[in-house]
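Please keep the sequence and the structure in view while reading.

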Amino acid sequence: MIDYLRSTGELCHEGRRAVVTWVLWIEVVNKRRALMEVVQELNELFRKYARDYRERITMYQIMHAWNHWVSRGGNLPPLSCRHVREACGTHDAPTPRLLGSIGNGF
């Protein structure tokens, strides 16, 4: 999905949420890096590539995803590719073939 964003400047809302939840899960939940470092990196990704980038909205959505996660004990799984396929189809998202499916739906 990140490659799709980089190449098109577009990514559906649920695709963006999936990117955010996966990166937060990999980097912060697994205690690899500090939250604000990862938040800034995600913000920079969207600033650099998303055609419709708005800093205030992007930062709000990243922090909302984190706060929602923490409020539920920090053990929610990241959004799955299946979820993105169902929510976005091919509108501003990679084709279902490119989204694929790994293991149990992620």
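## Basis

The structure is a predicted model.

## Helix α2 against helix α3

Helix α3 covers residues 35-49, and its axis comes within 10 Å of the axis of α2. The two axes cross at roughly 150°. Angles over 145 degrees count as roughly antiparallel, so α2 is roughly antiparallel to α3. The crossing of these two helices is right-handed.

On the α2 side, the contact is made by R16, V19, V20, V23, L24, E27 and V28. On the α3 side, L35, V38, L42, L45 and F46 take part. By class, ten of the residues in the contact of α2 with α3 are nonpolar and two are charged, with no polar residue.

## Helix α2 against helix α5

Helix α5 consists of residues 81-88. The axes of α2 and α5 come within 8 Å and cross at roughly 165°. This angle, too, falls in the antiparallel class, and α2 and α5 are therefore roughly antiparallel to each other. Their crossing is right-handed.

Helix α2 contributes E14, G15, R17 and A18 to the contact, while α5 contributes H83, V84, A87 and C88. The contact of α2 with α5 has four nonpolar, two polar and two charged residues.

## The largest pocket

Which residues lie nearest the centre of the largest pocket? They are R17, V20, T21, Q61 and A65, out of 17 residues that line the pocket. The volume of the largest pocket is about 340 Å³.

The elements that give two or more residues to this lining are α2, residues 13-29, and α4, residues 55-71. Helix α4 supplies the largest share, with eight residues. Sorted by class, the lining of the largest pocket has nine nonpolar residues, six polar residues and two charged residues.

Two residues of α2 link these sections. R17 takes part in the contact with α5 and lies among the residues nearest the pocket centre. V20 takes part in the contact with α3 and is also one of the residues nearest the pocket centre.

Conventions. Residues numbered from 1 in each chain as written. Predicted model: local features only at pLDDT ≥ 70, side-chain atom pairs only at ≥ 80, totals over all residues. Heavy atoms only, no water. 1 Å grid on protein atoms, 1.4 Å probe; cavity = no way out; pocket = protein on both sides within 12 Å on 5 of 7 lines; lining within 4 Å. Points joined across faces, edges and corners; volume = space filled by probe spheres on them. Helix = DSSP H or I, 4+ residues; strand = E, 2+ residues; numbered from the N terminus. Nonpolar A, V, L, I, M, F, W, Y, C, P; charged D, E, K, R; others polar. Axes fitted to C-alpha atoms, helices over the stretch in contact; angles between N-to-C directions. Parallel < 35°, antiparallel > 145°, perpendicular 65-115°, else oblique. Left-handed = near helix turned anticlockwise from the far one by under 90°. Contact = heavy atoms within 4.5 Å.
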